Amino acid sequence: LAMAVPGKEEFAETLRYYRRRMEVLGVELRLSTTASAADLAGFDDVVVATGVEPRTPALPGVDHPSVVTYADVLSGRVVPGRRVAVIGAGGIGVDVSVWLTHTEEDLGEWMAHWGVGDPAIDRAGLTAAKERTPAREVTLLQRKASMIGKDLGKTSGWAHRLVLKQSGVTQIAGVTYDRVDDAGLHYTRDGVGHVLAVDHVVLCTGQESVRGLYDELAATTDGPTLHLVGGADVAAELDAKRAIEQGTRVAAAL
């Protein structure tokens, strides 16, 4: 999902690398397979890396047809309409807003949008940035009253915030979500109720660890030694670096 976000395409290379390592090392893969405790009987150790699933907030109307998750959008299962509200302005909410406002662009378009010119023509290779034409009208909302994007990474957060501005994303902080219905997203800010008429509401309201298999194995008498890693261990934000490090440390200790 991450590699679908503009600017994060390098995750595809991470997957390519590990896919090749599996081949070289002769790891047996069983894809499209849901493991049960019975399937894992006889193993000495089991590493549970079952990840996360999007959290569904307790919001009236959350089952409305217009309400979808970030996973629905980034995976392509749902094609959002022209007007979109994104609930939750953490790292995932910002990434989804960038995805929603972008169309595929070549290197020349990327350079134009960031004001990168030809050093032979433009002094220091800098030129006036060309305005973006966003693919959709996006409104990004969060409960916290602080500035949206304040907690993004120090080295890249500025770029994400700038892209939101370039893409005309409306940013609204300090809101209370009331409900979703045919009229759109109802929310309250500073004691005043508002209705945001949108085609889709995208939930970026956090994640929950998927631990069903871990709990099943833990309840097994004389079961394997268990190791919990990645999002299944901690669901706070999606952190590939942490998950890979945990897996590496477990493997080194076995």
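Start with burial: of the protein's 254 residues, 34% are buried, meaning under 20% relative accessible area with a 1.4 Å probe, protein chains only. This is a predicted model, where local features need pLDDT of at least 70, side-chain atom pairs count only at pLDDT 80 or more, and totals for chains, interfaces and linings use all residues. Residues are numbered from 1 along each chain as its sequence is written, and side-chain values use heavy atoms, without hydrogens and water.

Switch to cartoon view. You have 7 helices and 12 strands, taken as DSSP runs (H or I, at least four residues, for helices; E, at least two, for strands) and numbered from the N terminus. The C-alpha atoms fill a box of roughly 65 × 55 × 30 Å along the principal axes.

Next, select Y70, V86, V96, L100, L140, V202 and C204. They have the most contacts inside the largest nonpolar core, which has 24 residues. Such a core is a set of buried Ala, Val, Leu, Ile, Met, Phe, Trp, Tyr and Cys residues joined through side-chain atoms within 4.5 Å. Now colour the elements that give two or more residues to this core: α2 (70-75), β4 (83-87), α3 (91-101), β5 (137-141) and α5 (157-166). α3 gives the most, with 5 residues.

Zoom in on L100. Beyond its neighbours within four places in sequence, L100 is in contact with V73, P80, V84, V86, A135, R136 and V138; contact means heavy atoms within 4.5 Å.

Then move to L141, I172, Y177 and V201. They are among the 15 residues of a second, separate core.

Finally, show contacts between residues at least 6 apart in sequence: 68% join residues at least 24 apart.

Definitions and conventions:
Buried < 20%, exposed > 50% of the residue type's maximum accessible area, 1.4 Å probe, protein only.
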